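Thank you for making time for this today. I would like to walk through some side-chain contacts, and I will go slowly so that you can follow along on the screen.

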Amino acid sequence: WRRWPLFDNLYKLEAVPVATVQLRYDGWVTELGESPMAEAARRDVTRPSGLDNLLYTADADFSCFADLALASPEDYRKEGLGSLLQCVLTPGDPWIPKKTEEIVAATDEQVRRLFPSAKNLKLVWSNVVKLAQSLYREAPGMEPYRPDQRTPVSNFFMAGSYTKQDYIDSMEGATMSGRLAAAAILGRQAELATNASVA
């Protein structure tokens, strides 16, 4: 299929490595309060407390992170334990050659710098997953190589965050590309959701 430029161009996209770090604590890391009441909430693992959202920062090597014990409690809450932070180190180029212990220590140090109120919490478990080829590297000149959802092969459509759509290589980009692929299959223009007014 490389005889078609659309497929041949895929080989011009460079992948970027990513390291995902999971850190489990004995309390709630993102409980931000400084009062004695907030400290008690931070330590009370029977009552979740903190920021329940996907978070972004420019002040750490991980671009985005979330407390999975808050954001997805059904899957990630553990009795007697607190936060399970998942931090994504991207681009992961400097992290791939490092030992797991180094990556965990550096990430934990940055978490505690972002959330100084969690300085007394204990890190009780950690895990690191390294992907040598994950997202495509967003670099100057790469945009023309991203493929359309419609292809020159009959009844073959493509979706994925690397395809042509207006978002970066992300979950949002993957979702938008799926909408564009569905629209191409149906022979329609993709439509974005509209805000419905609430009465």
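Glu14 is partly exposed, with a relative accessible area of 44%, and in this predicted model its side chain meets that of Arg137 in a salt bridge, at 3.1 Å from N to O. Arg137 lies in the loop between strand 5 and helix 6, whereas Glu14 lies in the loop between helix 1, residues 5–8, and strand 1, residues 15–25, so the pair ties together parts that are 123 residues apart in sequence. Arg137 also counts as partly exposed, at 23% relative accessibility.

That pair is one of 9 salt bridges found in a search of the whole structure. Another of them joins Arg112 to Asp108, with the closest N and O atoms 2.9 Å apart, and here the two residues are 4 apart within helix 5, residues 100–114, which separates them by about one helical turn. Arg112 is partly exposed at 21%, while Asp108, at 13% relative accessibility, counts as buried; the cut-off that divides these two classes is 20%. There is also a network of salt bridges, in which Asp26, Glu39, Arg42 and Arg43 are linked.

Let me turn to Arg2, which takes part in two kinds of contact. Its side chain meets that of Asp8 in a salt bridge of 2.9 Å, N to O, and Arg2 also lies over the face of Tyr11, at 3.7 Å from the ring centre. Arg2 is partly exposed at 45% relative accessibility, and Asp8 is partly exposed as well, at 24%.

Now to the aromatic rings, for which the search of the whole structure finds 6 pairs. In one of these, the rings of Trp1 and Phe7 have their centres 5.0 Å apart and their planes at 40°, so the pair is tilted. The rings of Trp4 and Phe7, by contrast, have centres 6.1 Å apart and planes at 65°, so that pair is edge-to-face. Phe7 is buried, at 6% relative accessible area, and Trp4 is partly exposed, at 24%. Together with Phe156, the residues Trp1, Trp4 and Phe7 form one aromatic cluster.

Which residues does Gln149 touch, leaving aside those up to four places away in sequence? They include Phe156, Thr163 and Leu180, and with Thr163 there is a polar contact between the side chains, at 2.8 Å.

Note on methods:
Residues numbered from 1 in each chain as written. Predicted model: local features only at pLDDT ≥ 70, side-chain atom pairs only at ≥ 80, totals over all residues. Heavy atoms only, no water. Phe/Tyr/Trp six-rings, centres within 6.5 Å; stacked < 30°, edge-to-face > 60°. Buried < 20%, exposed > 50% of the residue type's maximum accessible area, 1.4 Å probe, protein only. Lys NZ or Arg CZ within 6 Å of the ring centre and 35° of its normal. Polar contact = N/O pair within 3.5 Å; in protein donor to acceptor, adjacent residues only side chain to side chain. Contact = heavy atoms within 4.5 Å. Salt bridge = Lys/Arg side-chain N within 4 Å of Asp/Glu carboxyl O.
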